[in-house]
Amino acid sequence: FYNQFHKSGSKILALEKNFKIKIEGKVITGKIDRVDALKEGEIEIIDYKTGSLPDERKLRKSFQLSIYALAANQSHTFNKPFSNITLSFIFLNEGKKISFKKESDEIEETKQKILDTISKIEALEFEPKVGPHCDFCPFRILCPAWQ
């Protein structure tokens, strides 16, 4: 990883950066793995992954990195326009980096998805999504998908 992705002179702005996003009075929080300064006021948000590399089209639709872009746009975080935010996944097992930017329509979709998700949580609507993660879920015994 170090030999492949470390650039001398890299300027790390934050590691494990906490953030808070407020949308229409609703608040979500999270943590970004890494944020680097790039040229001319731009930043790169980096998320490290240890799993296998999915299809690049799927990666570009990442809800997670869209949320990180929203956070970096906030005045109390990095106050960057979306055009100055590069989003990157680094797949450690594969030794591959995928980078992209988000368009304003994608950001609006992300805001709406956040609001929809918050509404479902507030209404106690938790639809089970069966998958390999179920084997490790502590709530499996209570889950309607397994009853």
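Accessible areas come from the Shrake-Rupley method with a 1.4 Å probe. By this method, the protein chain of the predicted model exposes about 9800 Å², and carbon and sulfur atoms supply 52% of that area. Buried residues account for 33% of the 147 residues in the chain. Along the principal axes, the C-alpha atoms fill a box of roughly 55 × 40 × 25 Å.

The secondary structure consists of four helices and five strands. Their order along the sequence follows the pattern α-β-β-β-α-α-β-β-α.

In soluble globular proteins, nonpolar side chains tend to be buried together. In the present model, the largest nonpolar core contains 28 residues, of which Ile-21 and Ile-45 touch the most other members. At least two residues of this core are supplied by each of the strands β1 (11-23), β2 (26-37), β3 (43-49), β4 (85-91) and β5 (96-100), and likewise by each of the helices α3 (63-73) and α4 (104-122). The helix α3 gives the most to this core, with seven residues. When residues up to four places away in sequence are not counted, Ile-21 touches Lys-26, Val-27, Ile-28, Ile-67, Leu-70, Ala-71 and Gln-74.

Attention then turns to open space in the model. Rolling a probe the size of a water molecule over the atoms shows where empty space is left. The largest pocket holds about 650 Å³ of space. Its lining is formed by 20 residues, and those nearest the centre of the pocket are Glu-125, Phe-126, Glu-127, Pro-128 and Lys-129. Two or more lining residues are given by each of the elements α3 and α4. The largest share of the lining, four residues, comes from α4. Sorted by class, the lining of the largest pocket has 12 nonpolar, two polar and six charged residues.

Several loop residues were also examined. His-6 is placed in the loop between α1 (2-5) and β1. The relative accessible area of His-6 is 37%, which lies between the limits of 20% and 50%, and His-6 is therefore classed as partly exposed. Although His-6 and Asp-36 are 30 residues apart along the chain, their C-alpha atoms are separated by 11 Å.

Gly-51 belongs to the loop between β3 and α2 (56-60). With a relative accessible area of 38%, Gly-51 is partly exposed as well. In sequence, Gly-51 and Glu-94 are 43 residues apart, while in space the distance from C-alpha to C-alpha is 8.5 Å. Gly-51 touches Phe-91 and Asn-93, not counting residues up to four places away in sequence.

The backbone angles of two glutamates complete the description. Most residues other than glycine have a negative phi. Glu-24, however, has a positive phi of about 50° although it is not a glycine. Glu-24 is found in the loop between β1 and β2. Because its relative accessibility of 68% is over 50%, Glu-24 counts as exposed. A positive phi of about 50° is also found for Glu-40, which is not a glycine either. The loop between β2 and β3 is the place of Glu-40. The relative accessibility of Glu-40 is 75%, so this residue counts as exposed.

Conventions
Residues numbered from 1 in each chain as written. Predicted model: local features only at pLDDT ≥ 70, side-chain atom pairs only at ≥ 80, totals over all residues. Heavy atoms only, no water. Core = buried A, V, L, I, M, F, W, Y, C linked by side-chain atoms within 4.5 Å. Buried < 20%, exposed > 50% of the residue type's maximum accessible area, 1.4 Å probe, protein only. Contact = heavy atoms within 4.5 Å. 1 Å grid on protein atoms, 1.4 Å probe; cavity = no way out; pocket = protein on both sides within 12 Å on 5 of 7 lines; lining within 4 Å. Points joined across faces, edges and corners; volume = space filled by probe spheres on them. Nonpolar A, V, L, I, M, F, W, Y, C, P; charged D, E, K, R; others polar.
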